[in-house]
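The sequence and the structure are shown first.

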Amino acid sequence: MERTERRYLNAESEDEMVVCGYRPCWWRMGLVGLGTLCSGGLLLLLLYWVPRWSVKCTCRLVSLREASVLLLQTTDEFRTCYRVRVRSMEAPGHDPLAAPHPGDWKEPACSPATPVIQRAEYEKDLLTKTSDPGGVQIRYVDHQEVRYVWSPQRQEFRRLTALDQGVPCSDIHEQHAAGLPARLQEHRKLFYGENQIDVKVPSIPHLLVKEVLNPFHVFQTFSVILWSCNEYYQYATAIVIMSLLSICIALYFIRKQYTLLHDMVAAHNVVRVKVYRGNGVSEEIFSTDLVPGDVVLIPIGGMLMPCDAVLVTGTCVVNESLLTGEILPFPPSLPLPLHIPSPHSTPSPSLTLLASPFVWGMGFTADPLRHRWEGDL
């Protein structure tokens with residue numbers, strides 16, 4: 001592994017990983033195919049068990065800018081390796097949090113006299129802005145439900161963040177509290193996807209292949225062949241019967257757990273919410289269409305919050321007993337006084353967690369009670 005190509009994902013954090021870029025090499029893939037035929041499929045099975053060998057035997061090392069396959073290795077004591085594919089999509093611009101044009105942006109009602117400040121530096125470093133009307137190609141990878149986007153400036157893949165990290169409270173009130181236009185909502189949805197926890201139930205053939213290719217069952221297969229060659233047919237038959245029963249029981253319980261988890265999440269995954277679009281216009285949408293920056297209007301009778309949010313204006317009482325174990329509902333505080341925005345404070349005191357029932361809500365004067373969504377779950 002060349003040190004010049006050594007990069008890190010989530011540097012200096014618990015989930016830090018070393019990342020290297022690769023591209024498929026046709027002559028290496030041909031040799032692997034030949035070796036698979038000569039070994040009766042054992043070489044392919046070995047490469048399936050060891051992703052690091054699979055990448056090195058079928059791909060060549062290149063820079064991250066040219067890579068179509070990434071090899072990720074954790075920096076903990078386990079040194080676990082993952083193989084992920086680089087994907088691309090076309091979007092109107094590189095920046096998912098790009099502010100609309102000055103003519104389309106209105107001052108929020110909570111701070112009408114506050115001058116608009118410039119965007120934070122973290123936004124400029126994360127993704128490059130573009131004015132290309134025809135769209136640009138965005139390279140990204142998805143690993144363990146986290147998206148990493150290619151940064152042309154830093155020449156590395158960086159974790160896609162939203163408004164929940166590094167955003168000062170002044171930006172929340174001045175740039176993200178006046179309602180998100182529909183066109184910007186569609187643009188951000190390209191990057192962040194749907195606002196839901198997607199628990200996919202794998203098919204039985206898929207689970208069967210993963211279970212059969214387990215090293216233990218492969219060892220049992222060789223044991224059956226060995227005992228059969230020595231004419232111990234009864235012992236070989238007993239191994240086959242016990243292995244089949246073990247596989248069937250494992251498939252049943254694994255699929256049952258997936259189904260239970262899917263049904264539990266699906267029961268609260270999609271709700272209808274009302275969002276504020278600015279200029280006194282509101283729209284009712286599904287919670288799966290929410291994106292970072294949407295302003296959610298909370299009704300007086302309360303609602304089930306389908307995302308993490310920050311209280312922007314008004315007051316409410318939140319019941320988070322199912323998530324935090326708190327016995328009594330509590331009123332979340334505003335991230336800062338409405339008339340004195342602090343550019344250095346953070347919105348963490350008013351964070352409302354996903355699936356928190358709102359007992360009741362009330363707005364100030366003519367302003368609706370709003371919650372601004374922070375980011376993906």
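Predicted model: local features only at pLDDT ≥ 70, side-chain atom pairs only at ≥ 80, totals over all residues.

## Strand 7 and strand 8

Val 141 stands opposite Tyr 148, a residue of strand 8. The pairing of strand 7 with strand 8, which spans residues 146–151, is antiparallel and rests on 4 bridges. In the hairpin that these strands form, 2 residues lie between strand 7 and strand 8, and Gln 144 takes a positive phi near 55°.

## Strand 7 and strand 6

Strand 7 is also joined to strand 6 (residues 87–91), again in an antiparallel manner, and here the number of bridges is 5. Within this pairing, Met 89 stands opposite Ile 138 of strand 7.

## Helix 1 and helix 2

Helix 1 comprises residues 26–38 and helix 2 comprises residues 42–49; their axes come within 6 Å and cross at roughly 120°. With angles of 65 to 115 degrees counted as roughly perpendicular and those over 145 as roughly antiparallel, helix 1 and helix 2 are therefore oblique to each other.

On the side of helix 1, the contact is made by Val 32, Gly 35 and Thr 36, while helix 2 contributes Leu 43, Leu 44 and Leu 47. By residue class, the contact of helix 1 with helix 2 divides into 4 nonpolar and 2 polar residues, with no charged residue taking part.

Notes. Residues numbered from 1 in each chain as written. Heavy atoms only, no water. Pairing = 2+ DSSP bridges. Axes fitted to C-alpha atoms, helices over the stretch in contact; angles between N-to-C directions. Parallel < 35°, antiparallel > 145°, perpendicular 65-115°, else oblique. Contact = heavy atoms within 4.5 Å. Nonpolar A, V, L, I, M, F, W, Y, C, P; charged D, E, K, R; others polar.
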